[in-house]
Amino acid sequence: MAFDEGDETRSRSTADMNEIERIMIMLLQNQETTDPKTYVITGATSGIGLEAAKMLILLNPLNRLFLVGRNEQKAQIVAKEVASVLPRQRRRYPHYCDHHIIPIVCDHSSFTSVREFAVELQRKLEATYNRSIQGPTNGIDVLCLNAATLRPKDVPAEFTQDDLEVTFQTNHLSPLLLVNLIYPQLNRGGRVVVTTSGLYVTQTLELNGIPVDARTDRAITKERFETANDVEYYCKSSYAFSKLCNVAMAVELEERLRPRGITVSSFSPGLITQTGLFRHHRDVLPFKRTRDLMLNEKTVSWGAGALVFMATSRTVGMYGGGTFWQDQGSNKGPASVYGNDFGPSPVSESHITLEGRKRLWSLSCDLAGISETMMPPPPSALSALDSYSPVPSLQAVGDY
């Protein structure tokens, strides 16, 4: 019998739909509340950000989604694509309208764009507020910091208009600036979810590459440096270091936002090579064909569901913030669908020391052009790492 590529495509499509169905059932069963919420998702124009937005609107068509893209065209296109998943829901939900899906622009390679985004977000929050849906408080319930870049291989370090290396600014400094600018709009009881990577454990939080004024001990702006940790620039190691910074930032944010009733967690969506993040590395992916990596590689749907799980599940709410969530070494691939194979891990001092985390926050604020106390530190000097208590067993929570 001749091989039929159409049969393979249909089989793969059926498998994808079965996976999405399993994920959606689990998310529906585990969501903390069925009330409409307001979500801001950066990196929403492709990959897990786009698919997560679709899942969120399917969970509740009255959810208000701010979908962040690098430019107006990309943001508008993704808003229409997300709205298209609910053609029939409009008859069932009389309050539903496309105004619940709001495109907004933020280019993470530009601090000017981040600042403009913060102003525009405030304006759009007010313009799209519906008290009968959003309730008495008009703010952000969940901020998903998901935008990231992995630069091309064999290309020297590239710099932004702010004279900073593209990876470090896009993946770390701009998210830090963004959350400092908009944290007053975060609702009490809300969440911040930071998409990062298990690769962070390959790095240590050394910051010797950031130029510092010897008199003031502050970072010197507009003086170019290729890597914050003062190692030779390489696209993948720079990406991994930025993910370490993401985890450290999440722990620091948890400490600063906890008094406001906001929890902050980071997570790894796993190895997903079929996203825009890997667009410059398609020719160097034969390594993924090894048996172990094929078993552990995740799909875009799996990673998107993990993001939605972090944003909505009561399980994450039970654990609180300050933890890093990841697949716990499962070889089931997407078939694990979270459950007991996806859980929290403490952030070890061997990777992120208290001193290093505080130093990173201080120097990063200098480079982003804001005060390190723009988001006030907590009255207690205790850190999330110092006060960390072991997380309860996932088995105690039960299968979900």
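Q: Which residues have the most contacts inside the largest nonpolar core?
A: In soluble globular proteins, nonpolar side chains tend to be buried together. A nonpolar core is a set of buried Ala, Val, Leu, Ile, Met, Phe, Trp, Tyr and Cys residues joined through side-chain atoms within 4.5 Å; buried means under 20% relative accessible area, exposed over 50%, and partly exposed in between (1.4 Å probe, protein chains only). Here the largest such core has 58 residues, and those with the most contacts inside it are Leu121, Leu143, Val192, Leu205 and Leu257. At least two core residues come from each of several elements, including strand E3 (101–105), helix H5 (111–127), strand E4 (140–145), helix H7 (166–182), strand E5 (186–195) and helix H8 (235–257). The largest share, 10 residues, is supplied by H8. Helices (H or I, at least four residues) and strands (E, at least two) are DSSP runs, numbered from the N terminus.

Q: What kind of model is this?
A: This is a predicted model, in which local features need pLDDT of at least 70 and side-chain atom pairs count only at pLDDT 80 or more, while totals for chains, interfaces and linings use all residues. Residues are numbered from 1 along each chain as its sequence is written, and side-chain values use heavy atoms, with hydrogens and water left out.

Q: Which residues does Leu205 touch?
A: Contact means heavy atoms within 4.5 Å. Not counting residues up to four places away in sequence, Leu205 touches Phe241, Leu244, Cys245, Ala248, His351, Ile352, Gly356, Arg357 and Leu360. Apart from the core described above lies another, of 41 residues, among them Leu27, Val193, Phe267 and Leu307.

Q: How many bridges join E4 to E5?
A: Two strands pair if DSSP finds at least two bridges between them. E4 and E5 run parallel and are joined by 5 bridges; Val142 has Arg191 in E5 as its bridge partner. The chain passes from E4 through H7 to E5 in a right-handed β-α-β crossover. A crossover is called right-handed if, with the strands pointing away from the viewer, the path from the first strand over the helix to the second runs clockwise.

Q: Which residue in E6 is the bridge partner of Thr195?
A: The partner is Phe267. E5 and strand E6 (residues 263–267) run parallel, with 5 bridges joining them. The β-α-β crossover from E5 through H8 to E6 is right-handed. Of the 10 residues in E5, 8 are buried.

Q: Are the faces of strand E1 covered or uncovered?
A: In a regular strand the side chains alternate between the two faces of the sheet. In E1 (residues 38–41) both faces are covered: Thr38 and Val40 on one side, and Tyr39 and Ile41 on the other, are all buried. E1 runs parallel to E2, with 4 bridges between them, and Tyr39 has Leu65 as its bridge partner in E2. E1 also runs parallel to E4, joined by 3 bridges, and Ile41 stands opposite Cys144 in E4.

Q: Where is the pLDDT below 50?
A: pLDDT is the predictor's confidence in each residue, from 0 to 100. The protein chain averages 84, and 78% of the residues score at least 70. The pLDDT is below 50 over residues 1–12, a stretch with 2 contacts in the model beyond near neighbours in sequence. It is also below 50 over residues 381–400, where the corresponding number of contacts is 42. Where pLDDT is low, the predicted coordinates should not be read in detail.
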